[in-house]
Structure formats: C-alpha cells, structure tokens
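Please keep the sequence and the structure open side by side while going through these points.

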Amino acid sequence: MNREKFYELADIETPEDFKFYDNVENLVEADEQWDADLLWSVISEVDGDTLKEIFKEYFQSLMEKLPEDNTELYTLIYNTGRAITGLAGAGESDRVDNLRRLSEELERFSGWFSRDSKIEIQDVDSGDVSSMPLRDALAYMSLEKLGMGNYIFNFDGVLDYEVDEYVINLMDWSIDDDNAEEADDENR
C-alpha cells in the first residue's frame, strides 16, 4: 500500500490530520492490510498527548462493544489497549522506538481483529453456522441488540492473541484520566 492509499484509508490528508478516534478506527477495522512504516511516518508527526487520547478513546469504545459475559476477551482487549495507549503516550526520550513498536503492534492487532481472528456464529433461527473475524462478530452482536437476529457466539478461537508487554508509566493507569478530578474531590 502506498502513502496516498494509506492516507485515504486513515481519512487524512497530512499527518497533522491524524487526531481523531475515527482515524484509528479506520486503520484497525480496515479490510486491507497496511504497513506499520506508513503509520509510523504519520504518528511521529503527531503530539504525544493527542495520540494517547485517540488510542485510549478507540479502545474504550471497542470495549463497550464486547460481550459483557466474556471476561477473557474483555481482559485481552483491555490489556492490548493499555499497551498501545502506553506506547502512544510514552515520554520523549524513547518516543521514536515506542512509536515504531506502537505502529507494529497496531498493524498486528488490526490484522488479527479484522481479518485473522475466527469467531463461530450460529444463527439460532436457521441453525446456520459461520466463521468470521472479531470485527464482524461484534457487528452481528450490535444487530442482535437492535432486535435484528438471534445468534450464539463462540469466542474461544480469538483468545490466542498475545499482547506484547511494554514498559508503560503505571501512573497513567492508576486513576483513569476521566475520573481523576472526581477522585481528587473525594480525597479532600
């Protein structure tokens, strides 16, 4: 994939445009495989706080789509989001290396999430069983919540994704940024 196609996929015209949750979503949930080097060339031009916020927002949104009764899948996505967001907000001293690792991890996660993972879905009404990536299975779950179908999901086939462990600032995760003020108020 060339730079022009990558920019089109991410819905940006310049690296400075990569500042919205949708830009991350477009990449992670793409049908096409893209190159980590292209992502790195974009995110290396973006402010660290902005990167951290949009990756955090994407993974929070993704977690809201997950089945409430599947703790293992929830934990897997949560830990992946923490690792990627931690790399996005890493300090300036290791920024280049961390952004390279972030790019590689997001490329790997995108491939797994949108193409390689396999969820078995049974249509309760017809009895038909099909297999699809996690991205598509979550879309079926959304349809089911809207009363458009009745399905049984088997997520066992996606739990083999391994999250690379990275050193991240634990203070970034000790109190969620959205709740930091609330926690401060309670402690006064």
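1. R100 sits over the face of W40, at 3.8 Å from the ring centre. Note that this comes from a predicted model.

2. The aromatic pairs come to eleven by the rule used here. One of them joins Y21 and Y58, with 6.0 Å from centre to centre and 35 degrees between the planes, and it is tilted. Y21 belongs to helix α2 (residues 21-28) and Y58 to helix α4, so this pair ties together parts that lie 37 residues apart in sequence. Both Y21 and Y58 are buried.

3. F109 and W112 make another pair: the ring centres are 5.6 Å apart and the planes stand at 40 degrees, so this pair is also tilted. Here both residues lie in helix α6 (residues 95-116), three residues apart, which is about one turn of the helix. F109 is buried because its relative accessibility is 0%, under the 20% cut-off. W112, at 7% relative accessibility, counts as buried too.

4. Which residues do ring pairs link into a cluster? They are Y21, Y58, F59, F109, W112, F113 and Y161. Both pairs described above therefore have their residues in this cluster.

5. Y21 also has a polar partner: its side chain and that of S61 are joined by a polar contact of 3.1 Å. S61 is part of helix α4 (residues 48-65), the helix that also holds Y58. Is S61 buried or exposed? With 18% relative accessibility, S61 counts as buried, because the cut-off for buried is under 20%.

Notes
Residues are numbered from 1 along each chain as its sequence is written. This is a predicted model: local features need pLDDT of at least 70, side-chain atom pairs count only at pLDDT 80 or more; totals for chains, interfaces and linings use all residues. Side-chain values use heavy atoms; hydrogens and water are left out. Helices (H or I, at least four residues) and strands (E, at least two) are DSSP runs, numbered from the N terminus. Buried means under 20% relative accessible area, exposed over 50%, partly exposed in between (1.4 Å probe, protein chains only). A polar contact is a pair of N or O atoms within 3.5 Å; within protein, one must be able to donate a hydrogen and the other to accept it, and residues adjacent in sequence count only if both atoms are side-chain atoms. Rings of Phe, Tyr and Trp (its six-membered ring) pair if their centres lie within 6.5 Å; planes under 30 degrees apart count as stacked, over 60 as edge-to-face and the rest as tilted. A charge sits over a ring if NZ of Lys or CZ of Arg is within 6 Å of the ring centre and within 35 degrees of the ring normal.
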